[in-house]
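Q: Could you take a close look at one helix in this model for me? I'd like to hear what surrounds it, and then a word on the rest.

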Amino acid sequence: MLFSHPLPVKTKVFHLAVLLFLLLPASTWAIDLGDRVQVHGFFTQGYLNTNNNKFLGDTEKGLFEFREIGLNINAQLTDKFRIGGQALYCHFSESNNGKISSDWLVAEYHFADPLGMRLGKIKMAMGLYNMERDSDFLRPLIFLPQSIYDETRRDSWQAHWGGEMYGNLPLGKWGDVDYQLFGGRIDYDDDSLATLAVAEIALRYDAEEGENLNVDALTRDNDYLYGGALFYNSSLEGLRAALTFLGLDDEARIHNTVITTDKTRSKIVASLEYSWRKWSLTAEYAETDRRQTQFGLTTLDGTSRAFYFLLSYSPMEELTFSVLYDEYYRLKNNRHDPVGSRNLYPWRKDLAGALRYDITDSWTFKAEWHIIDGTAFYMSYFNPEGANRYWQYGALKLTFNF
Amino acid sequence: MECRAGADFVLVAHADNAVTTISRQDAELIFLNRKRRWPDGGNIAVVINENPKIYDSFSYTVLKRSPRQYLIFRKKMLFRGQGMPPPTVKTDREVVDFVSAHINGLGYISPEAVTPAVKVVQVSQ
């Protein structure tokens, strides 16, 4: 572990506050302080186990360091003006270890139904599920399809500091459209996986070239981020579609020296979801056009391709079985060559089965098993001795929300 | 379709509200927080009635989704930081109290629970 932290006092206080909430009678868990102020939150505890590779940490013997706690407060100060924020404690193996961060922090002004504005730290619209990636009970799987919702990029895609315009546009008999246009910057933590992975690259370069780099001084910064989203709510019952777009530019530096650059010229995600009786089918397709450099050398310049199908069946509303096929290629036109990379298998194909059981409105249990071919998404970071092409992982998760 | 006395539920607004009819699509948008203004610009104050006698009927008829799907929808809005879900009550009586106390209030109750303190709003297709 490159950066480690003892559990800070404020984290212990945060844990204690959430535990106190859990001990309160159920009727008081969600707090309405009059019509205009509400407090809500959640707690998750998971278990992750892998074989033949490590994934997101030291997982081959099973990992319980897989938990999140969130606590939010909203205040509707006037009919048009709202402020709110959510604190998030996320302990996921080596990353985000024992720290509390702001998940979102918003001041919102709603001018009219077609136009509102949010300022602050805003959840980023990307695909159907990115905005709820920190709230396990809102999504169908423990791990969203990694081809689009890559867990190692969670800090990149989670939220941004900046502004957003949003609104709803009725389309008469065709339904309606929600839109969002946003811009700002991403604030990377020193122990985000995105930063740790760059630090690992710097350490390896240092060992090979003897540059004597001060890796402890490494920072990862985002110069800009912008994007937009359209969510189409069809008048045809059960049909939803979305188109989202974003671009961003990152650099990692040691003092004033640029170590790596990572520019996403465009990430486009097209999404379709259709529910019919007890069945639901979700499909998303994405292409990401980006250029990456390491110590002045271009290591990647091209477009990746990602898509998945998720078929779900709910024999009863509380219980859902899902099957996922998820596929990613680092370069869509050169699928099998490790261009500019140490990774010999720069793709990821995932066949998974999953179960979700909503025990009550507040408690959710999930289980899933994934069979993987490929080692895309920083697997060489988690497996420095060499990642295996074929591997598997399973996860369990229990969530309480109020 | 019209939702009025005799159906499973009726929409009710404050007795002084000038609106007499809203479309089914507008009702859906209002309860999904996508339409927040009355025609006069006032902010619509929605209340959700979980009275089991009418909640399923309202949810499937107006929102085209189950009560559980509607609950998850409200939680998504909340935990994404996109808005505050409306207050939730368990009885028609509480809806009448809420709507009569809020000039911009809107809720739904059993037809037999309508009192002079609230006004029935017709829902047109």
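A: Let's start with the term we need: a residue counts as buried if 20 or more other C-beta atoms lie within 10 Å of its own, with C-beta atoms placed from the backbone. Keep in mind that this is a predicted model.

The helix to look at is H3 of chain A, residues 193-209. Which residues of H3(A) are buried? They are Leu193(A), Ala194(A), Thr195(A), Leu196(A), Ala197(A), Val198(A), Ala199(A), Ile201(A) and Ala202(A). Those buried residues pack against quite a list of chain A elements: strands E9 (218-234), E10 (239-254), E11 (257-276) and E12 (279-294), plus helices H2 (154-157) and H4 (379-382). Just after H3(A) comes Gly210(A), with a positive phi of about 65°.

Now for where the chains meet. Chain A puts 29 residues into the contact, and chain B puts in 19. On the chain A side, E5(A) gives the largest share, four residues. By class, that side has twelve charged, ten polar and seven nonpolar residues.

As for confidence, the model scores 0.89 for both ipTM and pTM. Chain B averages a pLDDT of 92, and 95% of its residues score at least 70. Residues 1-6 of chain B, though, fall below 50, and that stretch still has 17 contacts in the model beyond near neighbours in sequence. Where pLDDT is low, the predicted coordinates should not be read in detail.

Note on methods
Residues are numbered from 1 along each chain as its sequence is written. Chains are lettered from A and ligands numbered from 1 in the order in which they are written. This is a predicted model: local features need pLDDT of at least 70, side-chain atom pairs count only at pLDDT 80 or more; totals for chains, interfaces and linings use all residues. pLDDT is the predictor's confidence in each residue, from 0 to 100. Two residues are in contact if their C-beta atoms, placed from the backbone, lie within 7 Å. Helices (H or I, at least four residues) and strands (E, at least two) are DSSP runs, numbered from the N terminus. Ala, Val, Leu, Ile, Met, Phe, Trp, Tyr, Cys and Pro count as nonpolar, Asp, Glu, Lys and Arg as charged, and the others, Gly among them, as polar. The expected span of a helix is 1.5 Å times one less than its number of residues. A residue is buried if 20 or more other C-beta atoms lie within 10 Å of its own, exposed if 12 or fewer, and partly exposed in between; C-beta atoms are placed from the backbone.
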